[in-house]
Amino acid sequence: MNLKLKTPIAFFDLESTGTNIATDRIVEISILKVHPNGREEMKTSLINPTIPIPKESSAIHGIYDEDVKDAPTFKSFSKDLHQFLIGADLAGFNVLKFDIPLLVEEFLRAGIDFDIEKRNILDSQKIFHMMEKRNLSAAYKFYCGKNLENAHSAEADTIASYEVFKAQIEKYEGEEAEDLLGNKLGIFENDMKKIHGILNEKMVDLAGRFIFNESGEECFNFGKHKGKTIEAVLKEEPSYYDWMMKGDFPLDTKRKFTQVKLRAFNQR
């Protein structure tokens, strides 16, 4: 089918040095601009972020410092890019949470006020989540082929959860599980310990404030210390512990933080 367009629409995707909108930078941008008459224009370019690309990010998108050393910086590229996007709506998958905020941030750093107020923003991920429900009733229908009667009744929901879980094991047994970034997590088997490992491999606290890094060390997963190990932060900024203990964090998060602190203290 052809889109019924009154103005151009620009589908785009970014690759970046990381996921922090305030500090990370674009390393590649690709835009497919579709005009109301159906004409399509494609623009793709590597971008020199002017900061090192972390190895963890390069492992995901395959772009390394060497690849972008001679590429234009965003600032030098920004005027042409802004001109290309004038009057166009913006679209893509998960663009609302990450790609658009990062693009706007990069334009502002380059001294360009990239206005999105008069543009339509079309996010395919939001449509996906809106139309393909991810609640228990939808899972029961998808995996078990049954309609969930008395939804939100504790007993009906419990029985449905059990049946869905069994059907998932039957459906996925022997398949490779991957996270949203394509990292392989292991083979899905009828083994509760292995399933736990796949689902919760990096979990430290239930709220997700801390996660395990590749070396199995507890790291911050939020704020100014994101990516740093808890032990390193305790050494650099001991007062951060007191700040979190007095803060509005879950008791489980505070408990895990205390456990790591006590372990580090006992190892000295």
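The model is predicted, with local features needing pLDDT of at least 70 and side-chain atom pairs counting only at pLDDT 80 or more, while totals for chains, interfaces and linings use all residues. Residues are numbered from 1 along each chain as its sequence is written, and side-chain values use heavy atoms, with hydrogens and water left out.

## Two helix pairs

Let's begin with the helices. Helices (H or I, at least four residues) and strands (E, at least two) are DSSP runs, numbered from the N terminus. Axes are lines fitted to C-alpha atoms, for helices over the stretch in contact, and angles run from 0 to 180 degrees between N-to-C directions.

Helix H10 (residues 239-246) packs with helix H11 (residues 251-266) at an angle of about 155°, the axes being 10 Å apart. The two are therefore roughly antiparallel to each other; angles over 145 degrees count as roughly antiparallel, under 35 as roughly parallel, 65 to 115 as roughly perpendicular and the rest as oblique. On the H10 side, the contact (heavy atoms within 4.5 Å) is made by Tyr240, Tyr241, Met244 and Met245, and on the H11 side by Thr253, Lys254, Phe257, Thr258 and Lys261. Sorted by class, this contact of H10 with H11 has five nonpolar, two polar and two charged residues. Here Ala, Val, Leu, Ile, Met, Phe, Trp, Tyr, Cys and Pro count as nonpolar, Asp, Glu, Lys and Arg as charged, and the others, Gly among them, as polar.

The second pair is helix H6 (residues 136-144) and helix H7 (residues 154-172), whose axes come within 9 Å and cross at roughly 45°. That makes H6 oblique to H7. H6 brings Leu136, Ala139, Tyr140, Phe142, Tyr143 and Cys144 to the contact, and the H7 residues include Asp157, Ala160, Glu163, Val164 and Lys171. The contact of H6 with H7 divides into ten nonpolar, two polar and three charged residues.

H10 passes H11 in a left-handed crossing, and the crossing of H6 and H7 is left-handed. A crossing is left-handed if the near helix is turned anticlockwise from the far one by less than a right angle, and right-handed if clockwise.

## Salt bridges

Side chains of opposite charge can pair when their charged atoms come close. A salt bridge is a side-chain nitrogen of Lys or Arg within 4 Å of a carboxyl oxygen of Asp or Glu, and by this rule the count comes to twelve salt bridges. Here are some of them.

| Glu237 | Lys224 | 3.3 Å |

For accessibility, buried means under 20% relative accessible area, exposed over 50% and partly exposed in between (1.4 Å probe, protein chains only). Glu237 is partly exposed at 22%, whereas Lys224 is exposed at 58%.

Glu231 is partly exposed at 27%, and Arg263 is partly exposed at 33%. Glu218, Glu231 and Arg263 are linked in a network of salt bridges.

Asp252 and Arg255 both sit in helix H11, three residues apart, or about one turn of the helix. Asp252 is buried, with a relative accessible area of 14%, while Arg255 is partly exposed at 47%.

## Single residues

Ser58 has its place in helix H1 (residues 55-61) and is buried, at 1% relative accessibility. Leaving aside residues up to four places away in sequence, Ser58 touches Ile53, Ile63 and Tyr64.

Two glycines sit in loops. Gly216 is found between strand S8 (210-212) and S9 and is partly exposed at 43%. Gly208 is in the loop between helix H8 (192-200) and S8 and is partly exposed at 28%.
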